[in-house]
Amino acid sequence: LLQMIDAVDHPLFFACWDTGHANHNECDPYESVTTLGGRLHGLHVNDNLGRFDITYKPWRLDMHTIPLFGSINFDSLMHGLLDISYKGYFTFEVDVPRRRPNRIPFSYDGRLQERLMDAPLPIIEASMNLLYEAGAHILRTYGCFEEDSRKQ
């Protein structure tokens, strides 16, 4: 990634680091973030259970779940971000309950059953609130939640 950034050599070309993809590839968050240093201008923050066999339906395995629900070491990530004085966004890339077109179909009495295909709005809202609270907790724990600094 650094070689590509250096080869492009453009003042608007930087790295965006994805916590979930890095975890799938067993990359240490601290080492990856500090290696990118000032070239890191974006994050895709999500969680998963780590390494998987990319040949087995990867769209089912790249879970993009709420941080703290998987195996990513967010302490390692946060120390790396603080050590490089990261100023970019902490952008979530998380799947919330929604229509699930990739699920395995089920028929009963010859009719496709889809009554639970869509999550109801209260479940979607609750998951969004939980996502916000997980992110706020991570940032507050390391003293870098912007909302806290605005209240002072």
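Me: What do buried, exposed and partly exposed stand for?

Reply: Buried means under 20% relative accessible area, exposed means over 50%, and partly exposed lies in between, with a 1.4 Å probe and protein chains only. At 47% relative accessibility, L68 is therefore partly exposed. This is a predicted model, in which local features need pLDDT of at least 70, side-chain atom pairs count only at pLDDT 80 or more, and totals for chains, interfaces and linings use all residues. Residues are numbered from 1 along each chain as its sequence is written, and side-chain values use heavy atoms, leaving out hydrogens and water.

Me: Which loop holds D9, and is D9 buried or exposed?

Reply: D9 lies between α1 and β1 (15-18). With a relative accessible area of 65%, D9 is exposed. Its phi is also positive, near 45°.

Me: Which residues does A119 touch?

Reply: Contact means heavy atoms within 4.5 Å. Leaving aside residues up to four places away in sequence, A119 touches P97, R98 and I124. A119 and R98 are 21 residues apart in sequence, yet their C-alpha atoms are 5.4 Å apart. A119 belongs to the loop between β5 (111-112) and α6 (121-141), and is partly exposed at 23% relative accessibility.

How values were computed. Helices (H or I, at least four residues) and strands (E, at least two) are DSSP runs, numbered from the N terminus.
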